[in-house]
Amino acid sequence: MHMRKGLIGLLLVLQASGVFAQDSVIMARTTGQLPFLEYGIGDDRLGGAKIGYLDSNILVKIADSFNTDYKVRLSAYHSAYIAKSSVVLLSKQVNRPVPHNPHLSGHIKVYGDSASDYVVVNLDERYPYRSFQLLDPSRVVVDIFGITSNSNWIAQLRTAKEIKNTWYEQVEDDVFRVYIQLKHAQHWGYSLSYDSTGKRLVIRIRRQPALLDIRKLRIAIDAGHGGDNPGASGVTSNISEKDYTLLMAEQLRKTLKAAGVKNVFMTRTADTSLSMPERIAMLKAYDPHLLVSIHLNSAGSDTIQGTSTYYRYIGFRSLSMAILDRMLTLGLKEYGNIGSFNFALSGPTDYPNALVEVAFLSNPADEKKILNPKFRKAVAQKIYQGITDWLNIVNSKP
Ligand SMILES: [Zn+2]
């Protein structure tokens, strides 16, 4: 009842403004920094569960309106939610609205350049998509919504080094699914965007580095919080999380440099205020091989303690597990390895990443450790060893 009212209300407003004829559908295009789709209207301290980020200027069909979100229809059986601030309603009717007259896919090209592999899917519009990772065998899967196949060939060139196979499946009338099988067991990330023609979806696949030597990798470190965002505070000392994440991040940078890693990037090196989209933009520009985010945990009860690592995508889980294994040798309790975690910096699919919640500032025993410079040095050493362990594991797989 409420849903119908929402849609009718929106239609009435737009009709009254003379924007839409009575029988038209409301179309919109994504806009702004990092628009993303959500599964539902659920919310918690991390925001609603995300399907994934979208490129800008992507065509979506508005189905309903809620407080701060629109419900968008992706295909006959799939809808999603998007922040109203992430779309611009179109004043002109689009001729063939998704999904009633599905658009067609064209041919697919698979190739590589000196740095990466690419799968390019020819389309006639910028359609919404979602993607996910599979393991054993390692695959990247991309669903393009509102599309019916007219893809009659897939050109696969030998310049592609990481992609073993590419094929598609029309999984529903208007959902076109592209499978990209990788040569290596480990996922090293991928990026989705439309190219400058605006109508070709480009899936960039990161290759496994030729040499799995930590010294040759570009490593990014994010010190949590900063500036006007202090994070949690110590239960007895009242210290701010932002100061101690920075101390540990700097210690990790020193440890990596001492180990011979030349390229280390820090999202902040001072008490700087940085939004999550700003951090993500910096990281994407740096294009690291991997990212480690450092935070300190906090809970409502001071008896909760321990160390934990987090990942969002299953293909990146192995990095967070290797780091946790090493962190547990510091005498910390195990709080766990947590997946599908809706932390903003775990959201990008572009590079393997792990969030380390070193210990609980809200627990007196953990806090005491955090205050100890020797402990912080040991944390940096353990994260470094976790990364090298992970590289050895990756190297041991085909
Ligand atoms: Zn934090």
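## Close-up views of a predicted model

**View 1. The largest pocket.** About 810 Å³ of space lies in the largest pocket. This is a predicted model, in which local features need pLDDT of at least 70, side-chain atom pairs count only at pLDDT 80 or more, and totals for chains, interfaces and linings use all residues. Residues are numbered from 1 along each chain as its sequence is written, and side-chain values use heavy atoms, with hydrogens and water left out. A pocket is an open set of points on a 1 Å grid over the protein atoms alone, where a 1.4 Å probe fits and protein lies on both sides within 12 Å along at least five of seven lines. Lining residues have an atom within 4 Å of a point. A volume is the space filled by probe spheres set on the points, which are joined across faces, edges and corners. The lining of the largest pocket has 38 residues, and Gly52, Tyr53, Tyr313, Gly347 and Thr349 are the closest to its centre. Elements giving two or more residues to this lining are E3, E11, strand E17 (190-194) and E18. E11 gives the largest share, five residues. Helices (H or I, at least four residues) and strands (E, at least two) are DSSP runs, numbered from the N terminus. By class, the lining has 16 nonpolar, 14 polar and eight charged residues. Here Ala, Val, Leu, Ile, Met, Phe, Trp, Tyr, Cys and Pro count as nonpolar, Asp, Glu, Lys and Arg as charged, and the others, Gly among them, as polar.

**View 2. The second largest pocket.** Its volume is about 590 Å³. Of its 29 lining residues, Arg45, Leu46, Met276, Phe343 and Ala344 are the closest to the centre. E3, helix H3 (276-286), E21 and strand E24 (353-360) each supply at least two lining residues. H3 gives the most, with four. The lining has 15 nonpolar, nine polar and five charged residues.

**View 3. The zinc ion.** His225 (NE2), Glu241 (OE) and His295 (ND1) are the protein donors, 2.0 to 2.2 Å from the zinc ion. Donors are N, O and S atoms within 2.8 Å of the metal (3.2 Å for Na, K and Ca); water is not among the atoms, so sites may look incomplete. The donor residues are spaced H-x15-E-x53-H in sequence. Glu241 lies in helix H2 (residues 241-258) and His295 in strand E21 (residues 290-297), so this pair ties together parts 54 residues apart in sequence. Both Glu241 and His295 are buried. Buried means under 20% relative accessible area, with a 1.4 Å probe and protein chains only.

**View 4. Arg126 and Asp55.** These side chains meet in a salt bridge (3.5 Å, N to O). Arg126 lies in the loop between strands E10 (116-122) and E11 (129-134), and Asp55 in the loop between strands E3 (50-53) and E4 (59-65), so the pair ties together parts 71 residues apart in sequence. A salt bridge is a side-chain nitrogen of Lys or Arg within 4 Å of a carboxyl oxygen of Asp or Glu. By this rule the count comes to 14.

**View 5. Arg207 and Asp117.** The closest N and O atoms of this salt bridge are 2.8 Å apart. Arg207 lies in the loop between strands E18 (200-206) and E19 (218-223) and Asp117 in strand E10, so parts 90 residues apart in sequence are tied together. Asp117 is buried, with a relative accessible area of 0%.

Conventions: Buried means under 20% relative accessible area, exposed over 50%, partly exposed in between (1.4 Å probe, protein chains only).
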